[in-house]
Amino acid sequence: MKILKNLSYSVLVFSLLASACGKKIDIEPQNDISSENALSSAADVNNVLVGAYTIMAHPALYGTNLLMIADLYASPGYVNWTGSFSTYRDISNQNLISTNEDATRTWTRAYQAINAANTVLESLGVVTDADMKKEIEGKALFVRGIMHFELVRLYALPYEAGGANSSLGVPIATKAVKAFEDITPDVPRNSVAEVYKQAEDDLIAAISLLSDSPDLYAAKGMLARLYLQKGDYPNAREQANDIIESGEYALAKNLEDPFRIKNSTEGVFEIQQNEQSHAGSSNDGLATFYSSYLNNTGGKVGRGDLSILNSFVNTYDETDKRRTQMIYEGTGAKAGWFTKKWYNYFDNIPVVRLTELYLTRAECNARLGTSVGDSPLNDINLLRERAGLEDLATVTIDQILTERNKELAFEGYRIHDLKRTKKNIGTLPYNAPKLVFPIPYREVSVNSNLKQNPGYN
């Protein structure tokens with residue numbers, strides 16, 4: 001892939017080729033390979049695939065933004081932003097402008113990952129080992145599928161179960177941009193329905209190719225999430241149940257383990273981090289913004305920019321371990337309540353963990369009046385028992401959603417769950433234009449076919 005700098009073309013030029021400039025850092029992509037001398041061997045193709053995964057670990061994606069901005073966007077009654085970065089403050093206030101740099105860098109990095117995946121898919125001919133080819137193709141489709149899914153959830157109106165979903169989504173990219181002649185300068189936005197279909201098809205294809213790979217369940221987990229977002233409860237239930245019944249994963253007894261132990265027993269899809277490769281420890285990274293405590297030597301860990309509101313803390317029972325063990329009072333840069341999920345700079349980041357799949361199965365079974373795998377009551381009581389709470393005698397869908405809200409708090413689910421269940425976010429309805437990210441200004445300004453979202457013109 002060529003690196004083109006200081007150019008102003010359409011969405012796919014900047015998003016797929018140019019180096020990204022964030023508000024905090026200016027990073028030259030480290031995983032780009034010149035199209036003139038790359039991809040002549042299986043090792044070259046695999047290197048580009050590794051680059052795609054590395055892009056997904058960037059702070060603009062799973063390293064920070066795809067989890068944190070979903071919390072910030074749903075901040076009323078939940079979390080409080082006290083940091084100095086205005087782009088995050090505007091997201092928290094649900095008052096974005098089209099030049100918001102975090103909206104821009106998330107878009108840009110997601111399309112860079114998609115482009116890397118497309119480059120891999122178009123270069124499979126040089127991979128001669130059949131098993132390796134299958135796995136590489138499956139992983140590339142996984143990347144492309146989940147990036148389209150994340151983009152359409154943020155930059156488009158919510159998917160309406162049973163509706164036409166003809167509103168504007170995001171551009172679907174299935175062709176690699178490797179040189180100037182590959183550039184499409186007038187790319188339009190596809191519909192929400194089309195983008196969901198593309199993401200679903202990619203994940204289904206990935207699953208069929210990864211049948212002998214440990215990455216199989218990561219693809220199934222993200223597909224379960226996609227189906228749940230669509231309100232496709234039978235298929236969401238099937239994917240979630242397959243993972244639970246596989247025997248490959250087990251709920252951690254200690255609530256903190258999935259966030260402290262790398263590749264824990266319930267980690268289905270994790271972003272790998274270590275001291276050399278991580279999302280950041282001063283101006284980016286989940287622990288940077290969520291943590292506020294003194295370490296063993298008295299040093300301050302974290303900026304403490306994202307604290308938990310008292311009103312949300314008080315939704316937990318006083319004996320709930322999700323409160324007593326996973327929420328603490330800040331002793332570092334700032335006071336207040338903070339989550340212990342994002343506590344250390346170099347911990348892995350669980351994107352899909354087994355807890356989510358139990359909650360998905362329980363909700364889908366409850367909505368469908370079924371007990372595939374187990375009853376909704378048993379699934380919810382299993383999680384409540386781990387949290388040190390008494391079993392429920394019966395369970396309703398509202399109670400399942402409440403448990404989901406508490407169990408998955410601060411992991412990037414809230415805004416998407418509120419939208420799919422059609423709940424207000426503060427004073428705004430679930431489908432308010434203010435709850436949709438703007439298409440980056442620099443993209444729409446050079447492409448008249450790329451329509452801006454309402455309220456950002």
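Reply: Start with a rule. Buried means under 20% relative accessible area, exposed means over 50%, and partly exposed is in between. The model is predicted.

Me: Why is aspartate 257 called partly exposed?
Reply: Its relative accessible area is 23%.

Me: Where does aspartate 257 lie, and what does it touch?
Reply: Aspartate 257 lies in helix 10, residues 257–260. Leaving out residues up to four places away in sequence, it touches Ala252 and Ser264. Lysine 341 is 84 residues from aspartate 257 in sequence, with 9.4 Å between their C-alpha atoms.

Me: What makes threonine 108 buried?
Reply: Its relative accessible area is 0%. The limit for buried is under 20%. So threonine 108 is buried. Its place is in helix 5, residues 101–121. From threonine 108 to glycine 302 is 194 residues in sequence and 26 Å in space, C-alpha to C-alpha.

Me: How do you know that alanine 164 is exposed?
Reply: Alanine 164 has 62% relative accessibility. Exposed needs over 50%. Alanine 164 therefore counts as exposed. It is found in the loop between helix 6 (130–155) and helix 7 (192–209). Alanine 193 is 29 residues from alanine 164 along the sequence and 7.2 Å from it in space, C-alpha to C-alpha.

Me: What makes glutamine 276 exposed?
Reply: The value is 70%, and exposed means over 50%. So glutamine 276 is exposed. Look for it in the loop between strand 2 (267–271) and helix 11 (286–290). Its C-alpha atom is 44 Å from that of leucine 377, which is 101 residues away along the chain.

Me: Let us turn to helix 16. Which of its residues are buried?
Reply: Ile400, Leu401, Glu403, Arg404, Lys406 and Glu407 are buried in helix 16. Each is thus under 20% relative accessible area.

Me: What covers the buried residues of helix 16?
Reply: The cover includes helix 8 (216–230), helix 13 (321–324), strand 8 (349–353), helix 14 (354–368), helix 15 and helix 17.

Me: How do helix 15 and helix 16 pack?
Reply: Helix 15 covers residues 376–386 and helix 16 covers residues 397–407. They pack at an angle of about 35°, and their axes are 11 Å apart. The crossing is left-handed.

Me: Which residues meet where helix 15 and helix 16 pack?
Reply: Helix 15 brings Pro376, Ile380, Leu383, Arg384 and Arg386. Helix 16 brings Ile400, Glu403 and Glu407. By class, this contact has four nonpolar, no polar and four charged residues.

Me: What makes phenylalanine 410 buried?
Reply: Phenylalanine 410 has 3% relative accessibility. Buried means under 20%. So phenylalanine 410 counts as buried. Its place is in the loop between helix 16 and helix 17.

Me: Why is lysine 422 called partly exposed?
Reply: Its relative accessibility is 47%. Exposed needs over 50%, and buried needs under 20%. Lysine 422 therefore counts as partly exposed. It is found in the loop between helix 17 and helix 18 (441–444). Lysine 422 has a positive phi of about 60° and is not a glycine.

Me: What makes a space a cavity, and how many cavities of 30 Å³ or more are there?
Reply: In a cavity a 1.4 Å probe fits but cannot get out. A search of the whole structure finds seven cavities of 30 Å³ or more. The largest cavity holds about 100 Å³ of space.

Me: Which residues line the largest cavity?
Reply: It is lined by 14 residues. Nearest its centre lie Arg322, Met326, Lys341, Lys406 and Glu407. The lining divides into seven nonpolar, one polar and six charged residues.

Me: What is the volume of the second largest pocket, and what lines it?
Reply: Its volume is about 260 Å³. Of its 13 lining residues, Leu401, Thr402, Asn405, Leu418 and Lys423 are the closest to the centre. Helix 16 and helix 17 (414–420) are the elements that give two or more residues. The largest share, six residues, comes from helix 16. By class, the lining has three nonpolar, four polar and six charged residues.

Note on methods. Residues are numbered from 1 along each chain as its sequence is written. This is a predicted model: local features need pLDDT of at least 70, side-chain atom pairs count only at pLDDT 80 or more; totals for chains, interfaces and linings use all residues. Side-chain values use heavy atoms; hydrogens and water are left out. Axes are lines fitted to C-alpha atoms, for helices over the stretch in contact, and angles run from 0 to 180 degrees between N-to-C directions. Helices (H or I, at least four residues) and strands (E, at least two) are DSSP runs, numbered from the N terminus. A crossing is left-handed if the near helix is turned anticlockwise from the far one by less than a right angle, and right-handed if clockwise. Contact means heavy atoms within 4.5 Å. Ala, Val, Leu, Ile, Met, Phe, Trp, Tyr, Cys and Pro count as nonpolar, Asp, Glu, Lys and Arg as charged, and the others, Gly among them, as polar. Buried means under 20% relative accessible area, exposed over 50%, partly exposed in between (1.4 Å probe, protein chains only). On a 1 Å grid over the protein atoms alone, a cavity is a set of points where a 1.4 Å probe fits but cannot get out, and a pocket is an open set with protein on both sides within 12 Å along at least five of seven lines; lining residues have an atom within 4 Å of a point. Grid points are joined across faces, edges and corners, and a volume is the space filled by probe spheres set on the points.
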